[in-house]
Each structure stands twice: as C-alpha cells, then as structure tokens.
Amino acid sequence: MRWPSARARDRRSSDLPGDGASNLPGDGTSGRSEDERPMRGVPGCVVTLEDVHVRLGERDVLRGVDLVLRERRIGVVGANGSGKSTLARLLNGLVVPTTGRVLVDGLDTRRHGAQVRRRVGFVFTDPDAQIVMPTVAEDVAYSLRKVPAGAARDARVRDALEARGLADHADHPAHLLSGGQKQLLALTSVLVTEPDLVVADEPTTLLDRRNTRRVAAELASLPQQVVLVSHDLEIVSAMDRVLVVDDGRVVADDEPGPALAHYRRLVDDDLPSSSVPATALRPPAATQVRESRGAQDGTR
Ligand SMILES: Nc1ncnc2c1ncn2[C@@H]1O[C@H](COP(=O)(O)OP(=O)(O)OP(=O)(O)O)[C@@H](O)[C@H]1O
Ligand SMILES: [Mg+2]
C-alpha cells in the first residue's frame with residue numbers, strides 16, 4: 001500500500017491540522033500513532049493545566065487557565081472566538097502554552113508532544129481535514145502505518161470499521177462518503193490507535209440533526225474519556241462536567257445544569273432586551289425575498 005504524499009501527511013498529522021492553527025514548530029511526530037502501549041483497565045488521562053496563558057499573534061487567546069481534568073465526559077462551551085479550540089488543542093499538545101504548563105498523566109506537552117498524542121486523539125470539526133487516503137479501509141490503516149502490515153493490522157482495521165458500522169464501506173472512496181459517514185471515519189481512524197482520551201472539537205457542527213445524533217451517540221458510547229467542544233447544548237447537557245469559556249478564561253466549571261445556566265445568562269446579558277436585532281422582527285425570509293425582488297423589478 002502506498003502512503004500519501006508529504007503534503008497529505010501534513011494534513012493528517014495532528015501537528016499540522018488542516019482546519020486550524022497550531023503554534024508548534026512541528027516535532028516530526030504524528031498525532032496518529034501506532035499503538036505500542038499496553039492496554040489499561042479504564043482508558044483515561046489526568047490532564048492538568050497550570051496557570052496557562054496562550055498568546056497567538058497579537059492576541060491573548062487564553063488567560064490564566066487552571067484545571068485538573070479527570071472526569072469521563074467533559075463538555076466545553078462558549079461563544080465564537082472565546083478560546084475553546086485553543087483550549088482543546090492544548091490537551092494534546094497541538095498548541096503549547098506561552099506561559100504555564102499542561103501535563104497529561106504527568107507528561108509536559110511542551111517536551112513530550114509525541115507521547116502525549118499517543119494518549120490523546122483529536123477529532124476536528126471538518127473530517128476532510130483528517131481523511132488522507134483514497135479508500136475508507138486505507139484511511140484507517142494509515143493510522144496504524146507503523147504497525148507491520150499483515151493479518152493482525154488488517155483485523156484491527158476491520159474491527160474498527162465494524163464497530164462504527166462502516167465495514168460495508170471499507171473499499172469505498174473515502175471522499176465520497178456522506179458528511180456523517182466521513183466524521184465516523186475520522187473518529188474510527190482516531191480510535192483505532194486506542195487513545196485514552198478523545199478530544200473532539202465541534203465534531204457535529206457540519207452535520208444534519210440525524211448525523212449529529214449518530215456521532216454524539218458514538219462519542220457517548222466510547223469507553224474512553226472524552227472532552228467535547230460543542231455549541232449543541234443538548235449534547236453537552238449529558239456530560240459529567242462542563243467548562244464555560246469566555247474571552248480566554250474559564251468562567252464556569254460545574255455540572256451541566258449550573259454551568260449551562262451560567263452560559264445562558266452570559267449570552268442573555270450580551271443581548272439586552274432593547275437590542276433585539278431588527279432581523280428578529282422582520283417577516284420570514286421568503287416574504288423578504290419576494291418583497292426585495294418586487295422592489296427591483298418594479299412590481300411593488
Ligand atoms: N493563530 C492565531 N493567531 C492569532 N489569533 C488566533 C490564532 N488562532 C486563534 N486566534 C484567535 O484566538 C481567539 C480564540 O480562537 P479559538 O479558535 O480558540 O476560538 P473558539 O472558541 O474555538 O471559537 P469558535 O466557536 O468560533 O470555534 C479568536 O479570536 C481567534 O481569532
Ligand atoms: Mg473553535
């Protein structure tokens with residue numbers, strides 16, 4: 001089997017994600033790792049953030065974040081641009097702190113990026129950023145590229161595809177899958193390396209409601225620890241713990257009920273009743289289009 005070009009490998013590598021920023025120079029390791037670790041009883045990590053600040057360009061993106069993450073299901077919510085993706089990327093060393101440090105099971109992400117990424121798998125919003133091989137099975141096998149080719153590796157690929165309901169698509173062109181199937185493939189290609197922690201950054205944002213439910217159910221059923229960044233408050237409400245990020249800080253850290261109530265208050269406070277957008281008072285879009293067309297062609 002031929003592996004993809006260096007350019008495609010870069011897209012696949014978690015060090016050089018295709019859909020976002022990294023502040024790493026690139027340590028030559030892949031976020032998709034072979035699995036040489038012994039299996040553990042319960043997959044999970046303890047991730048510690050100590051007074052973490054992240055400055056990207058001219059902007060202080062995260063400011064003074066202190067966290068110990070050990071719950072099985074952790075949700076992250078917050079407004080656009082608040083720093084959620086940056087926080088998520090810190091957890092597997094895709095972004096390293098400008099000051100402070102992040103430890104994954106005691107490993108400093110700044111110095112042990114490759115080992116950290118063996119423990120922490122990352123699912124991006126856009127699965128196309130992660131899919132690099134022509135067929136579904138080849139794409140999953142790519143994650144195991146350092147495992148010697150043979151029956152054992154093929155069996156792992158097959159088992160992983162079966163577990164996500166993709167076995168019938170093994171030989172299909174990966175890029176012809178539906179959006180939901182692509183996200184399941186991206187998840188499969190992460191899970192086949194058996195990470196202890198799966199970090200997913202808005203994995204359902206591009207999906208319709210049905211596929212959103214499907215991907216959410218897959219994430220919910222994983223034995224692994226999961227950190228999920230999402231704007232879908234229904235999914236996040238099923239987590240064990242929810243972090244609310246606002247303007248680079250974690251402003252609430254609680255069970256879903258109180259954390260999401262805090263988040264809703266935050267959003268509502270930004271929208272004083274006197275500033276209800278004029279669009280909210282306008283007639284439905286179809287009426288607007290008819291009216292605007294009418295104005296242009298002189299029929300009204
Ligand atoms: N490489 C970069 N250089 C400069 N600024 C950046 C860089 N990456 C992110 N930022 C800025 O940092 C802020 C936080 O970005 P981040 O992607 O973490 O937000 P987010 O909460 O994930 O937003 P969204 O909900 O839109 O995905 C944004 O204002 C963004 O423009
Ligand atoms: Mg984001």
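**Core, sheet and helix packing**

Reader: Which residues does Val 199 touch, not counting those up to four places away in sequence?

Author: Val 199 touches Ala 88, Leu 91, Asn 92, Val 120, Phe 122 and Val 227, where contact means that the C-beta atoms of two residues, placed from the backbone, lie within 7 Å. This is a predicted model, in which local features need pLDDT of at least 70 and side-chain atom pairs count only at pLDDT 80 or more, while totals for chains, interfaces and linings use all residues. Residues are numbered from 1 along each chain as its sequence is written, with chains lettered from A and ligands numbered from 1 in the order in which they are written.

Reader: OK, and which residues touch the most other members of the largest nonpolar core?

Author: Those are Val 76, Val 199, Val 227 and Val 244, in a core of 71 residues; a nonpolar core is a set of buried Ala, Val, Leu, Ile, Met, Phe, Trp, Tyr and Cys residues joined through C-beta atoms within 7 Å. A residue is buried if 20 or more other C-beta atoms lie within 10 Å of its own, exposed if 12 or fewer, and partly exposed in between.

Reader: Which helix gives the most to this core?

Author: Helix α6, residues 179-191, gives the most, with 6 residues; helices (H or I, at least four residues) and strands (E, at least two) are DSSP runs numbered from the N terminus.

Reader: How do α6 and α7 pack?

Author: Helix α7 spans residues 209-221, and the two axes lie 9 Å apart at an angle of about 15°, with axes fitted as lines to C-alpha atoms over the stretch in contact and angles running from 0 to 180 degrees between N-to-C directions. That angle makes α6 roughly parallel to α7, a label for angles under 35 degrees. Gly 179, Gly 180, Gln 183, Leu 184 and Leu 187 in α6 meet Asn 211, Arg 214, Val 215 and Glu 218 in α7.

Reader: What are the bridge partners of Val 47?

Author: Val 47 has Leu 69 as its partner in β2 and Val 104 as its partner in β4. Strand β1 (residues 47-56) pairs with β2 over 7 bridges, and with β4 (residues 99-104) over 5 bridges.

Key
Two strands pair if DSSP finds at least two bridges between them. Angles under 35 degrees count as roughly parallel, over 145 as roughly antiparallel, 65 to 115 as roughly perpendicular and the rest as oblique.
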